[in-house]
Amino acid sequence: MKTHSFFKLLNILKEPFVNFFNIFNKDFYKERRDLHFALSFAIVLLFLVIGDLVKELQIDQLPFWFILLLGWMVSYGINFAREWYFAAKGIAKWDWLDIYAGCYGGLTAAILYLVF
């Protein structure tokens with residue numbers, strides 16, 4: 001028996017990777033996706049560095065893939081909340097590519113944290 005909800009979940013999870021070249025194209029700065037990337041990068045890196053300094057959190061004991069997932073999901077949550085707020089207030093239009101650009105910023109911060 002084929003479960004449709006599982007395949008819908010897989011389609012949702014692959015969207016950021018399918019849209020990679022739509023995010024990082026010539027309109028990257030014009031559409032202000034660089035701000036989503038930079039803010040997510042800064043917030044996630046600050047979160048990980050402070051978590052590393054507070055030894056009770058034991059972030060240095062977490063597995064490699066969990067830190068990458070943490071960077072991705074924290075930045076996803078931040079950008080999703082921002083997009084939802086501005087779309088609900090009518091300030092800006094909803095754009096999934098902005099959320100995905102922020103996710104890549106969080107992932108880059110997590111990779112940089114793991115390297116250094």
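Let me start with a term: partly exposed means a relative accessible area between the 20% under which a residue is buried and the 50% over which it is exposed. Keep that in mind, and remember that this is a predicted model.

Take valine 54. Where is it? Valine 54 sits in the loop between helix 3 (33-53) and helix 4 (64-89). Its relative accessibility is 34%, so valine 54 counts as partly exposed. Val54 also belongs to a nonpolar surface patch.

The largest pocket holds about 250 Å³ of space. Helix 3 and helix 4 are the elements that each give two or more residues to its lining. Helix 3 supplies the largest share, three residues. What classes of residue line the largest pocket? Seven are charged, three nonpolar and one polar. Among the lining residues are Glu31, Arg32, Arg82, Glu83, Lys93, Asp95 and Asp98. Leu35, His36, Leu39 and Ala92 line the largest pocket too.

On to the second largest pocket. Its volume is about 210 Å³. Helix 1 (4-18), helix 4 and helix 5 (96-115) each give two or more residues to this lining. Which element gives the largest share? Helix 1 does, with five residues. By class, the lining of the second largest pocket has nine nonpolar residues, one charged and no polar. Look for Ile12, Leu13, Glu15, Pro16 and Phe17 in that lining. Trp72, Met73, Tyr76, Trp96 and Tyr100 are there as well.

Notes. Residues numbered from 1 in each chain as written. Predicted model: local features only at pLDDT ≥ 70, side-chain atom pairs only at ≥ 80, totals over all residues. Heavy atoms only, no water. Patch = residues over 30% accessible without salt bridge, like charges linked within 9 Å, V, L, I, M, F, W, Y side chains within 5 Å. Areas by Shrake-Rupley, 256 points an atom, 1.4 Å probe, with all protein chains shown as cover. Salt bridge = Lys/Arg side-chain N within 4 Å of Asp/Glu carboxyl O. Helix = DSSP H or I, 4+ residues; strand = E, 2+ residues; numbered from the N terminus. Buried < 20%, exposed > 50% of the residue type's maximum accessible area, 1.4 Å probe, protein only. 1 Å grid on protein atoms, 1.4 Å probe; cavity = no way out; pocket = protein on both sides within 12 Å on 5 of 7 lines; lining within 4 Å. Points joined across faces, edges and corners; volume = space filled by probe spheres on them. Nonpolar A, V, L, I, M, F, W, Y, C, P; charged D, E, K, R; others polar.
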